Amino acid sequence: MGVIRAEPVRVTDWAAKSVGAAWRAFDLQLTTFAGLLVAIGLVMAGTTFTRGLMWAGIAAVTFILATAFDYRWFKTLSWPVYALQLGLLGLTLAIGDGIGGSARWINLGPLTFQFSELAKILMIIVLAQYLASRQAKLDSLRTILGACVLVGPPLVLVMLQPDLGTSLVFAAILAGMLWMSGASLLWLGALGAGVVAMIPIAWTYILRDYQKERLTSFLNPTPDITGSGYQLYQSQIAVGSGGWFGRGLTNGTQAQGDFLPVQTTDFVFSVLAEELGFIGGVVLFVLFALLLWRVLVAGWRSRDPFGTMFAAGVASMVLFQLVVNVGMVMGIMPITGIPLPFVTHGGASLVSMAIGLGILQSINIRQTRAEW
């Protein structure tokens with residue numbers, strides 16, 4: 001009788017196969033679309049290209065680290081993450097620098113960093129764990145109010161900087177995550193009505209005069225083109241003069257002539273529209289649509305409710321910032337100082353987005369489901 005010999009299975013071979021299977025779930029499309037958006041931002045950076053390239057390198061490193069990090073630790077450490085978020089925002093108020101008495105940036109040696117950008121990602125982590133742990137109670141008013149209570153303190157700290165734009169992003173993240181989690185539309189509608197009812201109070205007692213001017217200048221910027229309406233007026237000229245194919249890189253009169261302030265930050269889309277035209281804008285929107293699709297796919301195929309909720313938060317943040325930034329540049333929405341994700345020349349925004357996408361990739365590869 002023959003002897004059946006079993007081949008020994010080495011632990012190292014099994015581990016290698018497991019790691020390989022996990023990394024096959026890495027979403028290359030998600031990374032590619034984000035990388036192309038960053039590349040567009042670098043092309044638009046002009047004289048600040050070197051600094052932008054440095055921040056892109058830092059963002060790439062943070063993306064790799066976030067991808068390699070096991071996202072499940074964020075679920076365990078959600079409360080410490082929340083405390084870290086409040087601590088960073090409080091530190092910004094205490095020692096931060098800014099313009100006109102504001103406190104938004106922290107000096108880190110030769111670099112400056114805006115912790116409110118990082119706080120967006122930390123808020124998504126906290127909310128994702130909160131909602132994921134209450135899957136059976138999402139229709140209850142108590143759960144919805146609990147989510148609002150979580151967002152309240154960091155939102156107030158950001159408003160105190162003051163930074164109206166970022167505080168609106170916090171509210172958009174909350175609304176988007178609650179809606180996509182399946183929370184009661186009745187209660188969400190009631191909550192929205194309550195927010196609308198508070199607008200007169202906020203306008204009278206919370207918003208500062210310059211914020212009111214920025215919010216209303218889009219309604220009719222022409223009479224004050226040397227004051228509060230100057231930025232929007234120049235932006236509309238830049239967008240309108242681009243035509244179908246644009247004036248060509250570095251040939252835009254508004255950008256190259258320094259008629260357009262903050263052209264590498266909040267109003268970078270104006271430069272893109274003038275130099276690359278309508279076609280360049282369409283390419284940008286297509287890349288954002290593809291990116292959002294891959295973000296949502298990561299949430300759909302996640303077997304972990306935390307992953308689904310985190311993807312919902314990232315998608316809400318990116319979509320809201322895209323719509324508001326482009327809307328304010330074109331003059332159809334108030335000017336709120338919200339950056340264009342991946343494209344705006346801002347180190348804190350880019351690094352924070354890289355961390356968010358890295359966590360999504362960590363969710364992808366640790367569930368080893370390489371579909372779609």
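Q: In this predicted model, which residues does Phe113 contact, leaving aside its neighbours within four places in sequence?
A: Phe113 sits in strand E2, residues 111–113. Neighbours within four places in sequence are left aside. The contacts of Phe113 are then Trp55, Arg104, Trp105, Ile106, Leu108, Leu118, Ala348 and Val351.

Q: Does Phe113 count as buried or exposed?
A: The cut-off for buried is under 20% relative accessible area. Phe113 has 9% relative accessibility. Phe113 therefore counts as buried.

Q: How far apart in space are Phe113 and Gly346, C-alpha to C-alpha?
A: In sequence, 233 residues separate Phe113 and Gly346. In space, C-alpha to C-alpha, the distance is 8.9 Å.

Q: What span should helix H3 have, and how far apart are its end C-alpha atoms?
A: Helix H3 covers residues 49–68, which is 20 residues.

Q: What arc around the axis do the buried residues of H3 cover?
A: The buried residues of H3 are Gly52, Trp55, Ala56, Ala59, Thr62, Phe63, Ala66 and Thr67. They lie on the same side of H3, because their arc around the axis is only 130°.

Q: Which residues are exposed on the other side of H3?
A: Exposed means over 50% relative accessible area. On the other side of H3, the exposed residues are Thr50, Ile64 and Leu65.

Q: Which residues does Gln361 touch, not counting residues up to four places away in sequence?
A: Gln361 belongs to helix H16, residues 347–365. Its relative accessibility is 0%, so Gln361 counts as buried. The residues touched by Gln361 are Phe26, Asp27, Leu30, Thr31, Phe63 and Thr67.

Q: Is H7 roughly parallel or roughly antiparallel to H8?
A: Helix H7 (residues 141–159) and helix H8 (residues 164–181) pack with their axes 9 Å apart, at an angle of about 170°. Angles over 145 degrees count as roughly antiparallel. H7 is therefore, relative to H8, roughly antiparallel.

Q: How is H8 oriented relative to H15, and what is the handedness of the crossing?
A: H8 and helix H15 (residues 305–330) pack at about 135°, with their axes 8 Å apart. That angle makes H8 oblique to H15. The contact includes Leu168, Val169 and Ala172 of H8, and Met309, Ala312 and Gly313 of H15. The orientation is oblique, and the crossing is right-handed.

Note on methods: Residues are numbered from 1 along each chain as its sequence is written. This is a predicted model: local features need pLDDT of at least 70, side-chain atom pairs count only at pLDDT 80 or more; totals for chains, interfaces and linings use all residues. Side-chain values use heavy atoms; hydrogens and water are left out. Helices (H or I, at least four residues) and strands (E, at least two) are DSSP runs, numbered from the N terminus. Buried means under 20% relative accessible area, exposed over 50%, partly exposed in between (1.4 Å probe, protein chains only). Contact means heavy atoms within 4.5 Å. The expected span of a helix is 1.5 Å times one less than its number of residues. The arc is that of the directions from the helix axis to the C-beta atoms. Axes are lines fitted to C-alpha atoms, for helices over the stretch in contact, and angles run from 0 to 180 degrees between N-to-C directions. Angles under 35 degrees count as roughly parallel, over 145 as roughly antiparallel, 65 to 115 as roughly perpendicular and the rest as oblique. A crossing is left-handed if the near helix is turned anticlockwise from the far one by less than a right angle, and right-handed if clockwise.
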